[in-house]
Amino acid sequence: MTNKNSTFWQDSSTTGIYIGVALSLSVVVAYLMRDTSMLAAVNNFIVIGSMFGITYYRGKLYSKKDEYKPFGYPAALRYVIISLGFAGIIYGGALYVMYNHVAPEYYHQEVMKMMEVMSQGSQNTETISQAYSSFIVNPLYIVMTSVLSMFFMGLFPALIVSALIKRNYVREDPKQPTEE
């Protein structure tokens with residue numbers, strides 16, 4: 001693995017960790033706020049803002065690391081997508097801990113309410129409870145679904161942030177001999 005490729009993976013994974021921690025903190029804040037819908041809306045705004053802000057800031061820093069090579073749109077998009085993948089892993093781990101260890105009763109009750117509304121009385125609560133217990137205790141399921149949801153939720157922000165952090169200009173490398 002080349003040094004440039006190693007730096008790319010290090011930086012994009014670090015960005016993903018920062019986003020994942022911000023999203024994990026939002027889960028804790030949402031749990032603490034519980035039934036206050038106005039504060040929940042503010043929390044959602046902070047989550048989206050942190051996704052945009054952290055990715056933009058860290059991506060812009062990375063794009064300036066090597067000014068002698070272009071950092072085009074495909075590379076910028078790859079950077080953001082990889083960052084979101086790492087964020088999904090951290091976020092999924094936080095969800096697993098919250099669902100199964102911090103507040104299992106609260107989340108069981110909330111998911112049951114949501115599933116009852118979705119099924120609109122077509123299934124009994126026993127079936128819903130069995131479905132809940134089959135997916136919520138599996139950490140791999142939670143992490144994989146959070147990674148996939150990060151890709152789908154982050155697709156539009158990724159397209160925008162990639163357009164903002166790309167750098168097509170290239171400075172002339174003073175180490176390269178010039179033609180005279």
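Modeller: Let's start with Phe 8, which counts as buried at 4% relative accessibility. By buried I mean under 20% relative accessible area, with exposed over 50% and partly exposed in between (1.4 Å probe, protein chains only). The model is predicted, so to speak: local features need pLDDT of at least 70, side-chain atom pairs count only at pLDDT 80 or more, and totals for chains, interfaces and linings use all residues. Residues are numbered from 1 along each chain as its sequence is written, and side-chain values use heavy atoms, with hydrogens and water left out.

Colleague: How many aromatic pairs does the structure hold?

Modeller: Rings of Phe, Tyr and Trp (its six-membered ring) pair if their centres lie within 6.5 Å; planes under 30 degrees apart are stacked, over 60 edge-to-face, the rest tilted. Going by that, the count is four.

Colleague: How far apart in sequence are the parts tied together by Phe 8 and Tyr 62?

Modeller: Their rings sit edge-to-face, 5.7 Å centre to centre with 70° between the planes. Helices here are DSSP runs (H or I, at least four residues; strands are E, at least two), numbered from the N terminus. Phe 8 is in helix α1 (residues 3–33) and Tyr 62 in helix α2 (residues 37–63), so the parts tied together are apart by 54 residues.

Colleague: Is Tyr 62 buried or exposed?

Modeller: Its relative accessible area is 3%, which makes Tyr 62 buried.

Colleague: Which residues form one aromatic cluster?

Modeller: Phe 8 is buried, as is Tyr 79. The cluster is made of Phe 8, Trp 9, Tyr 62 and Tyr 79.
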